[in-house]
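Visitor: I have the sequence and the 3D view open, and I would like a friendly tour. Could you take my questions as we go?

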Amino acid sequence: MGKREISPKVASLYKAVTELFMEGADINNLTVSEITARAGIGKGTAYEYFSSKEDILAQAFYFAMVTVTELLDKRLAQKQHLYDKIEMIMLDMEKHKKEIVCAFKVLYMMMDNSVVGKKIRQLFHENKEYDMMLFDLIEKMIREELGQKVQLSDEDSLYLVMSIASRLMTYALYLNGDEACMLCGNKVMRERLCKDICREVENYG
């Protein structure tokens with residue numbers, strides 16, 4: 001989806017959903033009228049593209065995740081080593097704490113049995129062949145670091161992806177914690193996590 005063209009009206013709906021979500025809107029109580037009002041289009045227009053409010057939300061969240069991942073992939077291409085790539089991701093996380101909170105909410109939705117969560121999972125399944133998601137990006141970084149000579153088993157690859165993702169999530173939780181919990185400072189915590197990630201990947205080299 002991230003590589004496909006979308007109409008300006010659909011783009012405005014996606015933007016409206018993202019803005020409302022980041023402002024703290026409860027998606028359970030959010031209405032199509034509120035979304036279309038923010039998007040600046042008529043309510044009937046939304047139903048020309050989507051079947052329901054849940055469809056709008058799921059596709060908007062999915063599109064946002066794909067777009068962010070693809071932009072990140074382009075920026076990471078400027079970095080040669082895994083340490084620098086992980087550090088860049090963490091520095092981005094420090095600059096965009098509000099977006100991190102929203103990302104965690106979306107991840108939580110993906111794991112629950114809500115209509116929106118199920119629709120997001122369905123979109124992942126349907127588009128996995130041509131859309132890059134966060135786990136795909138992490139796997140790509142690992143393979144670039146180890147090079148062509150190291151052939152990871154599917155189990156080892158999955159383990160490393162999950163391990164790195166969990167550390168990034170841990171850092172996100174750390175950034176959004178109380179100030180009293182951040183005694184050592186972002187720089188020290190960031191460096192420790194980057195070194196830990198690189199050390200674990202190097203063990204497979």
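Visitor: How are helix 4 and helix 7 oriented to each other: parallel, antiparallel, perpendicular or oblique?
Guide: Bear in mind that this is a predicted model. Helix 4 and helix 7 pack at about 50°, and their axes are 9 Å apart. Angles under 35 degrees count as roughly parallel and 65 to 115 as roughly perpendicular. Helix 4 and helix 7 are therefore oblique.

Visitor: Which class of residue supplies ten members of the contact of helix 4 with helix 7?
Guide: From helix 4, the contact takes in E54, D55, L57, A58, Q59, F61, Y62 and M65, and from helix 7 it takes in V115, V116, K119, I120, L123, F124 and N127. Sorted by class, two of the residues in this contact are polar and three are charged. The class with ten members is nonpolar.

Visitor: What is the handedness of the crossing of helix 8 and helix 9?
Guide: The axes of helix 8 and helix 9 are 9 Å apart, at an angle of about 115°. That makes helix 8 roughly perpendicular to helix 9. The handedness of their crossing is right-handed.

Visitor: How many nonpolar residues are in the contact of helix 8 with helix 9?
Guide: Helix 8 brings F135, I138, E139, I142 and R143, which meet S157, L160, V161, I164, A165 and L168 of helix 9. One residue of this contact is polar and two are charged, while the nonpolar count is eight.

Visitor: What about helix 1 and helix 2: at roughly what angle do their axes cross?
Guide: Helix 1 covers residues 8-22 and helix 2 covers residues 32-39; their axes come within 8 Å and cross at roughly 110°. That makes helix 1 roughly perpendicular to helix 2. The crossing is right-handed, and the angle you asked for is roughly 110°.

Visitor: Which residues of helix 2 meet helix 1?
Guide: On the helix 1 side, the residues are S12, L13, A16, V17, E19 and L20. By class, this contact has six nonpolar, two polar and three charged residues. The helix 2 partners are E34, I35, T36, R38 and A39.

Visitor: Now the pockets. Which helix gives the most to the lining of the largest pocket?
Guide: About 1600 Å³ of space lies in this pocket. Its lining has 42 residues, and A64, M65, V68, T69 and A103 are the closest to its centre. Helix 1, helix 4, helix 5, helix 6, helix 8 and helix 9 each supply at least two lining residues. With eleven residues, the helix that gives the most is helix 4.

Visitor: How many charged residues are in the lining of the largest pocket?
Guide: The lining includes 32 nonpolar residues and four polar ones. The charged residues number six.

Visitor: And which helix gives the largest share of the lining of the second largest pocket?
Guide: This pocket has a volume of about 230 Å³. It is lined by 15 residues, with D26, I27, N28, M109 and S114 nearest its centre. Helix 4, helix 6 and helix 7 give two or more residues each. The largest share, three residues, comes from helix 6.

Methods: Residues numbered from 1 in each chain as written. Predicted model: local features only at pLDDT ≥ 70, side-chain atom pairs only at ≥ 80, totals over all residues. Heavy atoms only, no water. Axes fitted to C-alpha atoms, helices over the stretch in contact; angles between N-to-C directions. Helix = DSSP H or I, 4+ residues; strand = E, 2+ residues; numbered from the N terminus. Parallel < 35°, antiparallel > 145°, perpendicular 65-115°, else oblique. Left-handed = near helix turned anticlockwise from the far one by under 90°. Contact = heavy atoms within 4.5 Å. Nonpolar A, V, L, I, M, F, W, Y, C, P; charged D, E, K, R; others polar. 1 Å grid on protein atoms, 1.4 Å probe; cavity = no way out; pocket = protein on both sides within 12 Å on 5 of 7 lines; lining within 4 Å. Points joined across faces, edges and corners; volume = space filled by probe spheres on them.
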